[in-house]
Amino acid sequence: MTASAALAFLHHVFAFALAAVLMVELVLMKEELTLASARSLLRMDAVYGLCALGILIVGFLRVFHTEKGADYYFGSVPFIIKIVLFAIMGLVSIYPTKQFLSWRKILRQGELPRLEGGERRRMRMIVHLELSLLLLIILCAVLMARGIGFIG
């Protein structure tokens, strides 16, 4: 397997894993929290972060070290949009991550974290937004791979 194919494979694995993690988070937040589901959410959020980091690292390795080269990618409007959407997705994910991290001490004590008021609904809406952004990112990836929107 060439380095280019290996990087493409890893990039896709991280992207699919990220989508899976978001779906798991969505399902875990559907019902009332339990100690087990709260702990799982904390773990899933950590996996989300690792997947996002993996996507960035492998993605930029692909941009700068594969046959298409950086000029191709940075001359592609869908690529630029894809990067912007990914950044927005990362910024949006800060809120749930802060919530999940705030649960660590409570969970270590064997207590259940509280989601006040519409908090669970708000966090589910954020995960829905992240999944929607991911769908748009996939669309941009398809357009980019086909050379649509190339300005260079």
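Me: Which residue just after helix 7 takes a positive phi, and of about how many degrees?
Reply: The model is a predicted one, and the place to look is the stretch that follows directly on helix 7. There the backbone of Gly 147 takes a positive phi, with a value of about 75 degrees.

Me: How many helices and how many strands does the protein chain have?
Reply: Read from the N terminus on, the elements run α-α-α-α-α-α-α. The C-alpha trace that holds them spans about 55 × 30 × 20 Å along its principal axes. The count for the protein chain is therefore 7 helices and 0 strands.

Me: Of the contacts between residues at least 6 apart in sequence, what share joins residues at least 24 apart?
Reply: Contact here stands for heavy atoms within 4.5 Å, and the pairs considered are those at least 6 apart in sequence in the protein chain. Of these, the share that joins residues at least 24 apart is 80%.

Me: How far does helix 7 reach from its first C-alpha to its last?
Reply: Helix 7 has 27 residues, and at 1.5 Å a residue the expected reach is 39 Å. The reach computed from the model is close to that expectation, at 39 Å.

Me: Which helices are included in what covers the buried residues of helix 7?
Reply: The buried residues of helix 7 include Met 123, Ile 126, Val 127, Leu 133, Leu 134 and Ile 137, and among them are also Glu 119 and Glu 130. What covers the buried residues of this helix includes helix 1, helix 2, helix 3, helix 4 and helix 5.

Me: Why do the buried residues of helix 4 lie on the same side of it, and what arc do they cover?
Reply: Helix 4 covers residues 77-92, and its buried residues are Pro 78, Phe 79, Lys 82, Leu 85, Phe 86, Met 89 and Val 92. They are on the same side of helix 4 because the arc they cover around the axis is only 145 degrees. In general, an α-helix has 3.6 residues a turn, so residues three or four places apart point the same way. The arc asked for is 145 degrees.

Me: Is Leu 143 buried, partly exposed or exposed?
Reply: Leu 143 lies in helix 7 and, leaving out residues up to four places away in sequence, touches Pro 78 and Ile 148. Its relative accessibility is 26%, and since buried requires a value under 20% and exposed a value over 50%, Leu 143 counts as partly exposed.

Me: Is Ser 37 buried or exposed?
Reply: Ser 37 is found in helix 2, where it touches Leu 28 and Glu 32, not counting residues up to four places away in sequence. Because its relative accessible area is 9%, Ser 37 counts as buried.

Me: With which residues is Phe 64 in contact, leaving aside its neighbours within four places in sequence?
Reply: Phe 64 also lies in helix 2, and with a relative accessible area of 48% it is partly exposed. Once the neighbours within four places in sequence are left aside, its contacts are Ala 70 and Phe 74.

Me: How far apart are the mean positions of the positive and negative charges of the protein chain?
Reply: The protein chain has 16 positive and 10 negative charges, and a mean position is taken for each of the two sets. The separation between these two mean positions is 1 Å.

Note on methods: Residues are numbered from 1 along each chain as its sequence is written. This is a predicted model: local features need pLDDT of at least 70, side-chain atom pairs count only at pLDDT 80 or more; totals for chains, interfaces and linings use all residues. Side-chain values use heavy atoms; hydrogens and water are left out. Helices (H or I, at least four residues) and strands (E, at least two) are DSSP runs, numbered from the N terminus. Lys and Arg count as positive and Asp and Glu as negative; His and the chain ends are not counted. The place of a charge is taken as NZ of Lys, CZ of Arg, CG of Asp or CD of Glu. The expected span of a helix is 1.5 Å times one less than its number of residues. Buried means under 20% relative accessible area, exposed over 50%, partly exposed in between (1.4 Å probe, protein chains only). The arc is that of the directions from the helix axis to the C-beta atoms.
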